[in-house]
Amino acid sequence: MTGPTENGAAVAGAAVGAAAGAAVGAADGPAAGTAAGTVADVAGPPGRTAALVLDRASVAYGDVPVLEELHGTVYEGEAVALIGPNGAGKSTLIKALLGLVPVVRGRIEVLGTSPDRARRDVAYVPQADTLDPDFPISVEQVVMMGRYRKIGWLRRPSAADREHAAAALEQVGLAERARHRFGTLSGGQRQRVLLARAIAAQPRLLLLDEPFNGVDAVSQHTILEAMDALKGRGTSVVVSTHDLAIAHLACDEVCLLNRHQFGFGPTDATLTPERLRATYGGHALELRGDRVIVTQT
Amino acid sequence: MNWFDSTVHRAMIEAATVGALGGVVGVLVVARRLPFFTMALTHATFPGIVIAALLGVDLYLGGGLFGLLVVLAVVALSRGRGQDFTAATGIALSGGFALGVVLVSAQDGFSKDLTAYTVGDILAVSTGDLAATGVVAVGVVLVLILLGKELLLAAFDPTGASALGLPTAVLDFVLLALIEVTVVAVVPALGAVLAVALLVGPAATARLLSDRLAMLFPLAAAIGVGCGVAGVWVSTLWNVAAGASIALLVGLAFGLAFLGSAARTRAGRAAARRLATATGS
């Protein structure tokens, strides 16, 4: 799996087929051919629009810095995996991309503007087990929440909103569970419902916080398929995960995090044993042939 | 003679209104797991009402303002080091109630007044009180209709609501304010100790009967109205305290619904077993 470097960004670029729009941050020049995988200043071929720019950004809760010196770019229609141990700051980075945690140094640009202003085009998928399973709310009501931003204050969902919600639920394979109470579904199904809520919002950037934790094989497959479909439509995806296999399978780029950035670039080139060892503190890794297994997370 | 001139008729209308109001707001109280906080609010409005009575100003206003102070005190206390929301709520509950008792005991006719404040006096309700309760009920339902979906999202998934750009702190305050005005409307009828019955009981009962949010509001309101009116009727029939009769009927309705759902579902049976162990030990 940890193989040569020539796939990654170039393949994703072809899939996007972006119109010749203004390229933000393309001035850095193409990064192709850097065999070791560039850690910073990853700029793709010109003609693509950056969905996410981290420019030496540091993020802090009050006076306590959580993440420092993040640097990298994610383009439209690309997926980036956030990889790192528990407490590395993956969830904090996702909250910073939503503008819920302040950037204290450097800059984070989301969809060409500040995280605050970009929010209307960003959808966030929390971990299903953070939500109260006893809450009296149906699956279709949860999915409809994805439309609230478009519906606006004081209004009720229109027929078009209901169609979007139904289509999103169909896409995650749970249309027949629409009337069930959210908490009666399995963990994996609840995670898919939350993904459907995000799809219904028609985002340009999708943020997923550990969507594969404790999820069954069917749900994992469905989530990966839905991510691919969104990428095909030009939506960028940020997904935090412990699963390196999923990063290889579904993500064009990875960002290795543990308080600092230990690598940001095309997946296969960046997920090297050395970098993983540095990210996880050296002792939490096991090497089997060319496969890297994280034994402790 | 006007229909409203009858004490019993006025009491029944009041009981029906506070029953519906308590039922509807109770759905949110139960969904957000705020019954204990609500109980603290009902107890803590008590000194406010006593102070208002001593000063000769409006009881609703006194209770309401004092309740607002308690909301702020709970929020401030729970932000302290090593404190949590439940501990702060417990302190506010006992502290508020004790203050009310001290104030009442400083007056003449202590025990009679204390009874009226703690278990209510719904038969003493005036036409003006009826109008005030009605206005509160209409206002609360209006806010729920207008802000229902945002309040729902903020209750179910606060981070998701912030991610959408909703002002979650404002929405939380709106919810607590809705509970507070409901408490102020219910306390004169049922008293500081029994008011929580109408704010938790009908909604908790409805929750046992249905999983669907759209059903919970009318169901809880109907249970609240039923218990309220029946409670007044029982109290005139046997000449017993009206507020306590209402609270007892709410408890009876919950008990029946609990037994019904326990018999229906395996989960219910497991819960009943847990309760049996808890009460048996």
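**Exercise 1. Sequence separation of contacts in chain B**

Task: Consider the contacts in chain B with a separation of 6 or more, and state what share of them is accounted for by residues 24 or more positions apart.

Solution: In this predicted model, residues 24 or more positions apart account for 70% of the contacts in chain B with a separation of 6 or more. The corresponding step for chain A, taken among contacts between residues at least 6 apart in sequence, gives 70% that join residues at least 24 apart.

**Exercise 2. Elements and overall dimensions of chain B**

Task: Determine how many helices and strands chain B contains, and decide whether its radius of gyration agrees or disagrees with that of a compact globule.

Solution: Begin with the secondary structure, which in chain B comes to 11 helices and 0 strands, so that, by the run definition of helices and strands, the order from the N terminus reads α-α-α-α-α-α-α-α-α-α-α. Next, take the extent of the C-alpha trace of chain B, which spans about 50 × 45 × 45 Å along its principal axes. Then apply the globule rule: a compact globule with 281 residues would have a radius of gyration near 19 Å, and because chain B has 19 Å, the two agree. Finally, turn to burial, where 47% of the 281 residues in chain B are buried.

**Exercise 3. The pairing of helix 6 and helix 8 in chain B**

Task: Work out how helix 6 and helix 8 of chain B are oriented relative to each other, parallel or antiparallel, and which residues meet between them.

Solution: Two packed helices are described by the angle between their axes and the distance between the axes. Here the axes of helix 6 (residues 127–156) and helix 8 (residues 168–209) of chain B come within 10 Å and cross at roughly 155 degrees. Because angles over 145 degrees count as roughly antiparallel, helix 6 of chain B is roughly antiparallel to helix 8 of chain B. The crossing in which helix 6 passes helix 8 of chain B is left-handed. As for the residues, those of helix 6 include V136(B), V140(B), V143(B) and L147(B), and those they meet in helix 8 include L171(B), L175(B), L178(B) and V181(B). Sorted by class, the residues of this contact between helix 6 and helix 8 of chain B comprise 13 nonpolar, 3 polar and 3 charged.

**Exercise 4. Chain A and its contact with chain B**

Task: Describe the make-up of chain A, and state how many of its residues are in contact with chain B.

Solution: Chain A has 11 helices and 11 strands, and buried residues make up 48% of its 297 residues. Between the chains, 16 residues of chain A are in contact with 17 residues of chain B. The side of chain A that touches chain B has 11 nonpolar, 2 polar and 3 charged residues.

How values were computed. Residues numbered from 1 in each chain as written. Chains lettered and ligands numbered in written order. Predicted model: local features only at pLDDT ≥ 70, side-chain atom pairs only at ≥ 80, totals over all residues. Axes fitted to C-alpha atoms, helices over the stretch in contact; angles between N-to-C directions. Helix = DSSP H or I, 4+ residues; strand = E, 2+ residues; numbered from the N terminus. Parallel < 35°, antiparallel > 145°, perpendicular 65-115°, else oblique. Left-handed = near helix turned anticlockwise from the far one by under 90°. Contact = placed C-beta atoms within 7 Å. Nonpolar A, V, L, I, M, F, W, Y, C, P; charged D, E, K, R; others polar. Rg over C-alpha atoms; globule rule 2.2 N^0.38 Å. Buried ≥ 20, exposed ≤ 12 C-beta atoms within 10 Å, placed from the backbone.
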